[in-house]
Amino acid sequence: VSDGYVAESQQEALLERINASGAVLLFVALGSPRQEFWIQRNLPRLKTVKVCQGVGGTFDVIAGRVRRAPSAWQQVHLEWLYRLLHEPVRVR
C-alpha cells in the first residue's frame, strides 16, 4: 500500500516493492489521467502483475469519504459532471 505522493526519486523503490510482493493484481487510484500515465509508464516493469486497473476515486466512495451523485445523475451517465460541478478543482 502506498499513497499517490511518491516522489519521482522514490518510484524505483516503489516498483521494487510491488515486484517483491508478488502481486498479480494492482489497483492504481491516482485519478484520471494521472493513473493511466503511471500504468502506461510502469506496467512493463511490473514483473508479477497480470492485471493493473485504474480505479480513480472508487476507494474514496467505498470508504464513505466521497458521496456518489444522486441516482438520476447516475442513470443518465453524468456522475462525472455532477462531481465536476461539486468539485471544480477537478477541471485541472
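In this predicted model, the buried residues of helix H1 pack against strand S1 (25-28) and helix H2 (34-42). Four residues make up that buried set in H1: Gln11, Leu14, Leu15 and Ile18. Looking down the axis of H1, these buried residues fall within an arc of 100 degrees, so they line one face of the helix.

Setting aside neighbours within four places in sequence, Gln11 is in contact with Val6, Trp38 and Asn42. Trp38 and Asn42 turn up again among the buried residues of H2. At the other end of the story, H1 is followed by Gly22, which has a positive phi, near 80 degrees.

Helix H2 can be read in much the same way. Its buried residues are Gln35, Trp38, Ile39 and Asn42. Viewed down the axis of H2, they fall within an arc of 95 degrees, so they line one face of this helix. The cover over these buried residues includes H1, S1 and strand S2 (51-54). What about the face of H2 turned away from the buried side? That face carries the exposed residues Phe37 and Gln40.

Now for the chain as a whole. Its secondary structure comes to five helices and two strands, and from the N terminus on, the elements run α-β-α-β-α-α-α. The C-alpha atoms fill a box of roughly 45 × 25 × 20 Å along the principal axes. The radius of gyration is 15 Å, whereas a compact globule of 92 residues would have one near 12 Å. Buried residues make up 22% of the 92 residues. Among contacts with a separation of 6 or more, 49% are between residues 24 or more positions apart.

Finally, there is the surface and the charge. The accessible surface of the chain comes to about 7,000 Å², and 57% of that belongs to carbon and sulfur atoms. As for charged side chains, the chain has 12 positive and 8 negative ones, with the centres of the two sets lying 3 Å apart.

Definitions and conventions: Residues are numbered from 1 along each chain as its sequence is written. This is a predicted model: local features need pLDDT of at least 70, side-chain atom pairs count only at pLDDT 80 or more; totals for chains, interfaces and linings use all residues. Side-chain values use heavy atoms; hydrogens and water are left out. Contact means heavy atoms within 4.5 Å. The radius of gyration is taken over C-alpha atoms; the globule rule is 2.2 Å times the number of residues to the power 0.38. Buried means under 20% relative accessible area, exposed over 50%, partly exposed in between (1.4 Å probe, protein chains only). Accessible areas come from the Shrake-Rupley method with a 1.4 Å probe; for residues, only the protein chains shown count as cover. Lys and Arg count as positive and Asp and Glu as negative; His and the chain ends are not counted. The place of a charge is taken as NZ of Lys, CZ of Arg, CG of Asp or CD of Glu. The arc is that of the directions from the helix axis to the C-beta atoms.
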